[in-house]
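Please open the structure in a viewer and keep the sequence beside it. The stops below say what to select next and what is found there.

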Amino acid sequence: MDESDKVFFFINNMHPTIKFTFNQSSSSINFMDVKVYKDKNGGIQTTIHRKPTDTMSLLHYDSNHSDHLKSSIIYSQALRYNRVISDRENLIKELEILSRTLVLRGYPLHAFNKYINKALRWTQHDLINKIRTPKRDRMLSMVTIHTSIGKSINRIIRKHWDIIKQDNHLRNIWPTPPVTTYMKTTSI
């Protein structure tokens with residue numbers, strides 16, 4: 001029994017109902033959602049790792065969630081793929097799988113193409129090593145109820161944001177439009 005087998009045996013005997021799996025390979029290793037592997041030239045590459053139980057069950061487009069949440073799902077998944085996958089050909093292949101999944105979940109083609117392209121504006125190096133957007137230390141957050149009234153308030157503020165931008169004092173307090181956050185309404 002080698003050292004890795006001893007560790008595997010030890011952790012699987014720590015608790016009667018928690019069991020771990022352990023896959024050994026001389027060419028790859030999986031950690032969380034990342035697979036690190038040796039390419040044909042002996043270089044190190046990374047890609048997405050999916051567990052056998054992964055169903056890629058993303059939020060359905062017809063669900064009763066706000067549009068910005070649905071677009072955020074597309075963008076964050078594409079950004080994650082771009083950050084994790086080091087080989088460009090593999091990245092394109094995995095984004096095609098993501099796109100097919102989004103189609104099956106009811107997302108219109110124009111919706112995910114926009115956000116996938118937005119995520120591809122960054123290089124993997126930039127995503128890992130740099131801050132992508134400037135910090136907004138004076139960002140205004142506006143919390144409203146997730147109803148048509150809350151959405152109307154958000155639209156009105158965005159529509160008339162020029163009024164605040166023209167006022168020197170208000171522009172100094174709020175240099176950027178507020179980020180809207182919706183809270184759940186009280187349920188029965």
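Select Asp67, which counts as exposed because its relative accessibility is 55%; buried means under 20% relative accessible area, exposed over 50%, and partly exposed in between, with a 1.4 Å probe and protein chains only. The model is a predicted one, in which local features need pLDDT of at least 70, side-chain atom pairs count only at pLDDT 80 or more, and totals for chains, interfaces and linings use all residues. Residues are numbered from 1 along each chain as its sequence is written, and side-chain values use heavy atoms, with hydrogens and water left out.

Asp67 and Lys70 form a salt bridge, with 4.0 Å between the closest N and O atoms; the term stands for a side-chain nitrogen of Lys or Arg within 4 Å of a carboxyl oxygen of Asp or Glu. Both residues belong to helix H2 and are three residues apart, about one turn of the helix. Helices (H or I, at least four residues) and strands (E, at least two) are DSSP runs, numbered from the N terminus. Lys70 has a relative accessible area of 6% and is therefore buried.

**Further salt bridges**

By this rule there are six salt bridges. Select Arg80 and Asp33, whose side chains meet in one of them at 2.5 Å, N to O. Arg80 lies in helix H2 and Asp33 in the loop between S1 and strand S2 (34–38), so the pair ties together parts that are 47 residues apart in sequence. Arg80 is partly exposed at 22% relative accessibility, and Asp33 is partly exposed at 27%.

Next, select Asp54 and Arg50, which form a salt bridge at 3.8 Å, N to O. Asp54 is partly exposed, with 36% relative accessibility, and Arg50 is partly exposed, with 27%. Which residues do shared partners join into one network? Salt bridges that share partners join Arg50, Asp54 and Glu94.

**The hairpin**

Select S2 and S3 together. They run antiparallel and are joined by five bridges; two strands pair if DSSP finds at least two bridges between them. Val34 stands opposite Ile48 in S3. The two strands form a hairpin with five residues between them, and Gly42 in the turn has a positive phi of about 85 degrees. Is S3 mostly covered or uncovered? Four of the five residues of S3 are buried, and the strand is mostly covered.

**Two residues with positive phi**

Most residues other than glycine have a negative phi. Met32 is not a glycine, yet its phi is positive, about 55 degrees. Met32 is found in the loop between S1 and S2 and is exposed, with a relative accessible area of 64%. Then select Met56, another residue other than glycine with a positive phi, near 50 degrees. Met56 sits in the loop between S3 and H2 and counts as buried at 17% relative accessibility.

On a 1 Å grid over the protein atoms alone, a pocket is an open set of points where a 1.4 Å probe fits, with protein on both sides within 12 Å along at least five of seven lines; lining residues have an atom within 4 Å of a point. Grid points are joined across faces, edges and corners, and a volume is the space filled by probe spheres set on the points. Strand S1 (residues 28–31) supplies the largest share of this lining, four residues.

Move to the second largest pocket, with a volume of about 520 Å³. Its lining has 16 residues, and His68, Ser71, Arg158, Val179 and Thr180 are the closest to its centre. The largest share of this lining, five residues, comes from H2.

**Confidence**

Finally, colour the model by pLDDT, the predictor's confidence in each residue, from 0 to 100. The protein averages 85, and 93% of the residues score at least 70. Among the elements, strand S3 (residues 44–48) has the highest mean pLDDT (95) and helix H8 (residues 168–173) the lowest (77).
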